[in-house]
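Subject: Structure handover

Hi there,

Here is the structure I promised to pass on to you. My notes on what turned up in it follow below.

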Amino acid sequence: MQENLTFIGGGNMAASLIGGLVAADHPAERIRVVEPDPARREALTSRFGVQCKAAASAALLDCDAAVLAVKPQVMQAVARALPAVPALVISIAAGIRSDALSAWLPAPAALVRCMPNTPSLIGAGATGLYAGDGVSEDQRALADAIMRTAGSTVWVEDEALLDSVTAVSGSGPAYFFRLYEAMQAQAETMGLPADTARALVLQTALGAARMALESGDDPATLRKNVTSPGGTTERALASFEQDSLEAVIGRGMQAARDRSISLSDELAGTSTQEGH
């Protein structure tokens, strides 16, 4: 990949993507970053050898793709202030719908929306992507290649499904962290030292995830394979079912999806009012 790329925003997620690109042999001299914070500019240049500027310019935006990596709350101001727009704009800001972003940009552009998650910061993320009207196959491939430097990618053909992606993978890491937290607390209650409990819980989680990814079996089959009739696992799972675990998870994920929708409405509504 030899395309000229410009990142608008040089925060943690941008740094993760830039690091992945450089590690994948994308030339650092073909990556530019617009970042107002001097310390971040210095850190990015020192770490990756990329060119950093305090403000966007038409020259910086004369590129194959611009990645908008700023917080959703400032996206409108940032987008409206751009002096030019490249052919492809990739947004990794949660909750900013394509129609809102299109209205803020100073000129039409092909838009790709991305919903990464926090494990992307260590190259183990899952990102959902949506391509708007006018995105070519080459541009779609470019967006995919950029986001794959941070983990795996999936595409949805309906932008509204990004709210579901948010409920699954966007918020999903926190669900697992909460489960690990509960398991560790109970392990300590049952007498295990904290460091031992933590090591057992996290390695079990890692092993289970690897089995799910690498075995080719679906989760139900893997669960059945480890559940001996009359054994300890069967007893624990029966307790979970008695407490309606699936319903609890379902309600939580639905709440996350509903909040994703309402946050997008709030961002669009606030931005519309501010734009008048």
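A search of the whole structure turns up 1 cavity of 30 Å³ or more. A cavity here is a set of points, on a 1 Å grid over the protein atoms alone, where a 1.4 Å probe fits but cannot get out; points are joined across faces, edges and corners, and a volume is the space filled by probe spheres set on them. Please keep in mind that this is a predicted model, in which local features need pLDDT of at least 70 and side-chain atom pairs count only at pLDDT 80 or more, while totals for chains, interfaces and linings use all residues. Residues are numbered from 1 along each chain as its sequence is written, and side-chain values use heavy atoms, with hydrogens and water left out.

The largest cavity holds about 30 Å³ of space. Its lining residues (those with an atom within 4 Å of a point) are Gly95, Arg113, Met115, Leu162, Asp163, Thr166, Ser260 and Ser264. Helix α6 gives the most to this lining, with 3 residues. Helices and strands are DSSP runs numbered from the N terminus (helices H or I, at least four residues; strands E, at least two).

Next, the second largest pocket, with about 1100 Å³ of space. A pocket is an open set of points with protein on both sides within 12 Å along at least five of seven lines. Of its 42 lining residues, Ala69, Val70, Lys71, Pro72 and Ala93 are the closest to the centre. Helix α11 supplies the largest share of this lining, 6 residues.

Now for the packing. The largest nonpolar core has 32 residues, and Phe7, Val50, Ile90 and Val112 touch the most other members. Such a core is a set of buried Ala, Val, Leu, Ile, Met, Phe, Trp, Tyr and Cys residues joined through side-chain atoms within 4.5 Å; buried means under 20% relative accessible area, exposed over 50%, and partly exposed in between (1.4 Å probe, protein chains only). Helix α1 gives the most to this core, with 6 residues. A second, separate core of 21 residues includes Leu68, Val70, Val89 and Leu105.

Finally, Ser152 sits in strand β8 (residues 151–155). With a relative accessible area of 44%, Ser152 is partly exposed. Beyond its neighbours within four places in sequence, Ser152 is in contact (heavy atoms within 4.5 Å) with Gly125, Ala126 and Thr127.

Best wishes
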